[in-house]
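Here are my notes on this model, for reading with the structure open. They begin at the ligand and then turn to the chain as a whole.

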Amino acid sequence: MIIEPLTNPRPVELPDNPGFGVLYTNRMFVQQHTLDKGWHDSRVTAFGTIVMHPVAQILHIGLAIFEGTKAYRRPDGNINLFRVDRNMARLNRSAERLGMPQVDAASHIGYIESLVKLEHEWVPTLPGCSLYIRPVIFSTEPTLEVRVGREFMHYIFLSPVGPYFAKGFNPVSVYISHEYVRAVRGGTGEAKTTANYAGTVWVAEQVRQQGYQQVLWLDAIERRYIEEVGAMNIMFVRDGNHIITPALSGSILHGVTRESVLQLAPDLGLSVSEERIDVDEMLADIERGRITEAFGVGTAAVISPVGKFGYKGKEYRINDELTGPVAQKLYTALTDIQYGRAPDPYGWTRQIKIT
Ligand SMILES: *Cc1c(COP(=O)(O)O)cnc(C)c1O
């Protein structure tokens, strides 16, 4: 890997709340893939414009996959990565689904570590803030043929981020869409592809105009079983101490946060189950008071409590639209491990030493 010198680096600027996806660091990682050379020309270069052919496949058939993980500032000043091996495994599963080349997980983790280490001053120290890491692979091959690509670019950029939701750790309102769907079994819903998002943003905009912040997606076939919320997996709490989440169905993304909560919760005295969750039964249980909490789980927001659902013209409030004890407990336990404030008995973190 070549590390190019920076000619005109911007001074590190870290406002109290850096927002989400507004600021970028000075450098990014880039490499290319061709059939004859494999992955090559790996370098850390200045963060900046990518030039491509107007007929590059990404622009016409949307061949792109991505990942999202974060670097966290530890109390001792060093930096933690969290379960980045799981992100690499998922990147390779996404690549396989779109006929893209695999990456070598170990060297890829090495690239991320080197890049973060070079840009370590951009890892915020303020609570709730972190450095978002976004690897992207897309087809640069100029062709109008609809088929797998033969030339790819892979890049990784870094963005200092504050809490994902502007309102902070406050319950959001969620609209349950019975009209539009995100993913269908047999489609690409399990892969982290940009195309999965393209079909959702207009729907999200429509519900925003009705006063909701997120969309809850149902299964595409019966429009009956709960799948995901926005770009997060979803969980419910029954009777105060049992966590239920939709079982992976073929159209639900395998979230690293979801997986981590399922592993962590029993050690916090909470039971867990993965089920097929019927939306009508769930809403009836909310009305009966049996569902005491609902929250989204994902890298960006970590835990995002749901205050109310809207479905077919009716509203269902949960826990008086307040953050519940289970969401709070999970958020604290998970972020304490991520930021290195608590021991990591699961071996989930990798430390980048800078001091
Ligand atoms: C990335 C993503 C998630 C969350 O996954 P994490 O690994 O926990 O960040 C959930 N759903 C969708 C559709 C996603 O793209």
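**Notes on the ligand site and the fold**

1. Start with the elements that line the site. β12 (232-238) and α6 (256-264) each supply at least two residues of the shell around the ligand. Keep in mind that this is a predicted model.

2. The ligand is surrounded by 14 residues. Lys192, Tyr197, Glu228, Thr257 and Thr299 are the closest.

3. Tyr197 places a polar side-chain atom 2.3 Å from an oxygen atom of the ligand. For Thr299, the distance from a polar side-chain atom to a ligand oxygen is 2.6 Å. Lys192 has a polar side-chain atom 2.7 Å from an oxygen atom of the ligand. How much of the ligand does the protein bury? Taken alone, the ligand exposes 380 Å², and 96% of that is buried by the protein.

4. Now the fold. The chain's secondary structure comes to eight helices and 18 strands. Of the contacts with a separation of 6 or more, 71% are between residues 24 or more positions apart.

5. Overall dimensions come next. The C-alpha trace spans about 60 × 50 × 35 Å along its principal axes. A compact globule of 355 residues would have a radius of gyration near 20 Å, so the chain's 21 Å agrees with that.

6. Last, burial and surface. Of the chain's 355 residues, 52% count as buried. The chain exposes about 15600 Å², with carbon and sulfur atoms supplying 51% of it.

Technical notes:
Residues numbered from 1 in each chain as written. Predicted model: local features only at pLDDT ≥ 70, side-chain atom pairs only at ≥ 80, totals over all residues. Heavy atoms only, no water. Near = heavy atom within 4 Å. Polar contact = N/O pair within 3.5 Å; in protein donor to acceptor, adjacent residues only side chain to side chain. Areas by Shrake-Rupley, 256 points an atom, 1.4 Å probe, with all protein chains shown as cover. Helix = DSSP H or I, 4+ residues; strand = E, 2+ residues; numbered from the N terminus. Rg over C-alpha atoms; globule rule 2.2 N^0.38 Å. Buried < 20%, exposed > 50% of the residue type's maximum accessible area, 1.4 Å probe, protein only. Contact = heavy atoms within 4.5 Å.
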